[in-house]
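The stops below go from the contact between chains to single residues.

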Amino acid sequence: MGTSYQAVGWNRQKKYYDWVLFGFCLLYLGIFIVLTTVFNAQYSFETLLIRASSTLAVLLLHVILAIGPLSRINPAFLPLLYNRRHLGVTMFMLAAVHGIFSILQFHGLGTVNPLVSLFTSNVNYNSVSAFPFQALGFLALVIFFLMAITSHDFWLRNLSPKFWKTLHMFVYLAYFLIVMHVMLGIIQYETNPVLVGMVAVGTCTLISLHLLAGKKEVKKDQVKFRPAEEGFVSVCDVSDIEESRAKIFCIGQERIAVYRQGNLLYAIHNVCKHQGGPLGEGRIIDGCITCPWHGYQYLPANGQSPPPFKEKVNTYEVKLEGNRVWLNPRPFSEGTPQKGANIT
Amino acid sequence: MTKQLRKKHLQVWSLLAITLPVMILAGVLGVKNPVVTGSLFQPAASTALPLITHSVEKGKYTVHLRSSADRSQTQLEWINKASVTNPSALIYQRDGNNKEIDGNEIIGRIESKGIYRFFLKNDSARSNHFFLYDIIHRQIIDSINF
């Protein structure tokens with residue numbers, strides 16, 4: 001983690017995830033190339049590669065953007081969240097293959113610099129129907145490039161999590177550019193309405209998932225907790241929290257995760273120090289609360305990463321009255337040990 | 001994630017939910033010259049009509065205008081000696097005196113080395129004048145007038 005800029009080692013899950021991803025990409029490219037060769041033999045190899053890499057990149061982009069809301073709607077999708085950045089970097093590499101070959105094929109044979117040609121060969125910037133859609137794809141590729149090269153923890157540490165997060169929010173602008181790049185390209189250049197339909201279905205699904213998950217989160221955040229004595233608020237029944245899992249409560253502006261570890265309840269700040277991941281959506285592995293995004297770990301009793309790592313989060317006081325869980329939303333300093341609430 | 005960040009995500013997706021459909025719809029409705037339905041490539045099984053009525057020899061391709069024995073069918077035969085250097089090349093048939101690309105008939109698309117055959121409509125208003133048009137660069141690459 002923090003000390004050597006390596007988030008987590010190449011554990012078994014990560015290797016498995018990457019092999020599945022690699023296998024899927026190979027299978028997709030293979031099927032695409034074979035089917036196109038059989039049914040559209042007139043396409044040149046460059047066109048085949050451009051199309052195969054682009055369709056796979058768009059598919060992966062949709063999967064990447066769907067994982068977040070799916071995990072919030074159903075925790076069964078959380079394992080997909082764990083190694084999402086490898087998915088992102090893979091998607092960028094495929095998009096780069098598409099972009100580089102497209103520039104070479106469509107703009108590399110003229111007398112003008114290919115990049116200049118990309119932006120100046122079609123200057124219908126005031127027309128939606130004849131808009132130079134390739135320029136949109138190029139801008140999206142630049143965003144993906146910046147995201148991919150800053151995805152390593154070295155950059156996260158040096159750029160600061162806030163700057164990094166802001167940069168990564170540009171993925172939504174990139175998604176807008178990609179959808180318009182694909183749709184305008186299809187509308188202007190293709191004849192098959194199935195392609196338009198596929199992109200439209202993907203976009204609608206993604207938007208619906210995000211709005212659904214977003215509304216669920218808003219609902220969670222809007223729950224009003226009854227104020228009680230000594231600053232404690234009643235949050236839930238003890239049976240609502242599964243073993244080695246947490247429930248997240250938003251009190252005021254802060255989200256707090258209440259974890260159950262054996263017969264004890266602990267509360268920590270919900271935001272991971274690494275990339276702001278939701279600690280309450282993770283689980284306790286090897287005695288540590290494990291962030292679902294990249295596997296950063298914290299001890300439930302003091303909110304500290306196990307040595308030699310130095311990350312710390314705020315801790316909170318929890319108590320039990322009968323079956324009712326009470327939480328004090330006043331944070332203790334990061335890494336302050338708590339005795340926890342004993343479930344008798 | 002913090003509450004504020006979640007809220008920001010929801011705002012962004014709400015914005016996308018409005019802008020993306022509007023922009024896509026504007027694009028679909030804005031296309032003045034909807035392209036032909038079906039494949040722009042001719043089926044590989046297209047056989048050549050027996051008579052060659054006109055021929056043009058260019059460096060990288062040979063183009064024939066073919067017809068059936070009774071002259072009831074016409075066919076454009078495009079023989080690419082190599083892959084075209086403009087891979088986004090479409091063939092248009094000039095409609096009367098229309099000098100703009102918009103409004104002319106798209107005949108088909110060519111790309112790699114090989115023989116392409118496209119059936120032409122028997123329409124007296126259409127000339128035997130064809131354009132090879134690069135849709136990416138929006139420029140006429142070549143003009144063939146039989």
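A polar contact here is a pair of N or O atoms within 3.5 Å; within protein, one of them must be able to donate a hydrogen and the other to accept it. By that rule, 4 residue pairs are in polar contact between chain B and chain A, counting pairs with both residues at pLDDT 80 or more. The pLDDT condition applies because this is a predicted model.

**Stop 1: the interface.** Stay with these two chains and select helix α1 of chain B, residues 3–30. This helix gives 20 residues, the largest share of the side of chain B that touches chain A. By residue type, that side of chain B divides into 22 nonpolar, 14 polar and 6 charged.

Now widen the selection to everything in contact: 42 residues of chain B and 56 residues of chain A. The size of an interface is often given as the accessible area lost when the parts come together. Chain B and chain A bury about 4,300 Å² between them, with 68% of it on carbon and sulfur atoms.

**Stop 2: salt bridges.** Side chains of opposite charge can pair when their charged atoms come close. How many salt bridges are there between chain B and chain A? The count is 2. For a salt bridge between the chains, select A:Glu281 and B:Arg6, whose closest N and O atoms are 3.0 Å apart.

Over all chains the count comes to 10 salt bridges. Select A:Arg255 and A:Glu217, which form a salt bridge with the closest N and O atoms 2.8 Å apart. This pair links distant parts of the chain, 38 residues apart: A:Arg255 lies in strand β3 (residues 254–261) and A:Glu217 in helix α10 (residues 193–221) of chain A.

**Stop 3: a bent helix.** Select helix α2 of chain A, residues 45–73. At 1.5 Å a residue, its 29 residues should span 42 Å, and its end C-alpha atoms are 42 Å apart, so the two values agree. Where does α2(A) bend? The bend, about 35°, is at A:Ile67, and a proline, A:Pro69, follows within four residues.

**Stop 4: backbone exceptions.** Most residues other than glycine have a negative phi, and most peptide bonds are trans.

- A:Ser244 has a positive phi of about 65°, and is found in the loop between β1 (233–237) and β2 (246–251) of chain A.
- A:Asp286 has a positive phi of about 50°, and its place is in the loop between β5 (283–285) and β6 (288–290) of chain A.
- The peptide bond from A:Pro307 to A:Pro308 is cis, with omega near 10°; A:Pro308 is in the loop between β7 (297–298) and β8 (315–321) of chain A.

Technical notes. Residues numbered from 1 in each chain as written. Chains lettered and ligands numbered in written order. Predicted model: local features only at pLDDT ≥ 70, side-chain atom pairs only at ≥ 80, totals over all residues. Heavy atoms only, no water. Contact = heavy atoms within 4.5 Å. Buried area = accessible area lost by both parts, 1.4 Å probe. Salt bridge = Lys/Arg side-chain N within 4 Å of Asp/Glu carboxyl O. Polar contact = N/O pair within 3.5 Å; in protein donor to acceptor, adjacent residues only side chain to side chain. Nonpolar A, V, L, I, M, F, W, Y, C, P; charged D, E, K, R; others polar. Expected span 1.5 Å × (residues − 1). Bend = angle between axes of the 7 residues up to and from the residue.
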